[in-house]
Amino acid sequence: MRLDALLSRYGYCSRREAPGWIKRHSITFKGKACYAPTDKVQAEGILLDGEPVEFPDGLYAALYKPEGYTCSHDDGEGDLIYDLLPFRWRNRTPAVSSVGRLDKETSGLLLLTDDGKFIHRMTSPRHHVAKVYEAVTEKDIPMETVELFASGTLTLNGEASPCAPALLEIQEPRRARLTLTEGKYHQVRRMLAAAGAPVLSLCRVSIGSLHLDSLNLKPGEWAPIRPDML
C-alpha cells in the first residue's frame, strides 16, 4: 500500500497530514529510506523512527479499567478508557473498540481490539464465554440467591426473557463472586439488587481463561494479548 495509507491505517496521522509527518520522522522500508507519501510499502519491513508498526495484524489488548472511566468514544462523557491508551490507537482503521462494556463505576478486566470477528466471538451468547465478577454489597446476600441464579428463572425488570443460569459463590455475607455467560445491561448490579443486596463495588476479574491477576496490571494499565489466550 502507499505510505500515506499505511500511516493512516495504523493511526500515526491522517493521509492529509502524511507529507508533514514523513518529513519530521525517519522511515525506512526493507532498509531503504522513504520520503514520499506515494512510496509503496507494507507493514512487515517498515520502521518508523526505528520501531516496527505496532500490532500490524490486528490489535488485541487487555486493560485494567479503573472506576470512573466510561467505555465510550464520546469526549462529552468525561474520562474515557481511551484516555488511558496510546493516542494513535484512536485513529486506527478499523477503529479500536472495547469488547463489551463495563459501566463507569465498575472496574476490572476489559478487552480492546480492532477485530470485529473477535468482538462477535467474545460477546455472542452462543459462544458462552464466562465472565467472573467480584461484588461487595450493601446488605447480606440471601443464601437462596445461589439457587435462584443457578435456576435460570430470574427475569429482570424490563427483560422479556430470564437470565441464563449463573454461578453465585457467597464468600462472606456481603461479598461474592458471580460467573455469567451473557451480558445484559448492568446485569450483575440488577441481579443482586433483585435479590435484595444492592452492589457497593464491582470488579470483573476474568474473561474466559484470561485472569486479571495473571496479567500483573495496576488500574489504568494495559498489556498486549493474543486471541488464543481466551
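The following legends describe an overview and several close-up views of a predicted model. Residues are numbered from 1 along each chain as its sequence is written, and side-chain values use heavy atoms, with hydrogens and water left out. Because the model is predicted, local features need pLDDT of at least 70 and side-chain atom pairs count only at pLDDT 80 or more, whereas totals for chains, interfaces and linings use all residues.

**Figure 1. Overview of the chain, with its 6 helices and 13 strands.** Helices (H or I, at least four residues) and strands (E, at least two) are DSSP runs, numbered from the N terminus. Along the principal axes, the C-alpha atoms fill a box of roughly 70 × 35 × 30 Å. The chain has 230 residues, of which 45% count as buried; buried means under 20% relative accessible area, exposed over 50%, and partly exposed in between (1.4 Å probe, protein chains only). The accessible surface is about 12100 Å², and carbon and sulfur atoms contribute 51% of that area. Such areas come from the Shrake-Rupley method with a 1.4 Å probe; for residues, only the protein chains shown count as cover. Of the contacts (heavy atoms within 4.5 Å) with a separation of 6 or more, 60% join residues 24 or more positions apart.

**Figure 2. The largest pocket, with a volume of about 540 Å³.** The lining consists of 26 residues, and those closest to the pocket centre are R101, L102, G183, K184 and R204. A pocket is, on a 1 Å grid over the protein atoms alone, an open set of points where a 1.4 Å probe fits, with protein on both sides within 12 Å along at least five of seven lines; lining residues have an atom within 4 Å of a point. Grid points are joined across faces, edges and corners, and the volume is the space filled by probe spheres set on the points. At least two lining residues come from each of β7 (106-113), α3 (116-123), β8 (131-137), α5 (187-194) and β11 (199-207). By class, the lining comprises 11 nonpolar, 7 polar and 8 charged residues. Here Ala, Val, Leu, Ile, Met, Phe, Trp, Tyr, Cys and Pro count as nonpolar, Asp, Glu, Lys and Arg as charged, and the others, Gly among them, as polar.

**Figure 3. The salt bridge between D4 and R15 (3.4 Å, N to O).** This pair links distant parts of the chain, 11 residues apart: D4 belongs to helix α1 (residues 3-9), and R15 to the loop between α1 and α2 (18-24). A salt bridge is a side-chain nitrogen of Lys or Arg within 4 Å of a carboxyl oxygen of Asp or Glu. D4 counts as buried because its relative accessibility is 4%, whereas R15, at 43%, counts as partly exposed. R2 joins D4 and R15 in a network of salt bridges.

**Figure 4. Two further salt bridges, R90 with D83 and R226 with D228.** The structure holds 14 salt bridges. The side chains of R90 and D83 meet at 2.5 Å, N to O. R90 is partly exposed at 29% relative accessibility, and D83 is likewise partly exposed at 44%. For R226 and D228 the N to O distance is 2.9 Å. D228 counts as exposed, with a relative accessibility of 59%.

Figure 5. Leaving aside residues up to four places away in sequence, M229 touches S209 and L210. The C-alpha atoms of M229 and S209 are separated by 6.9 Å, although the two residues are 20 residues apart along the chain.
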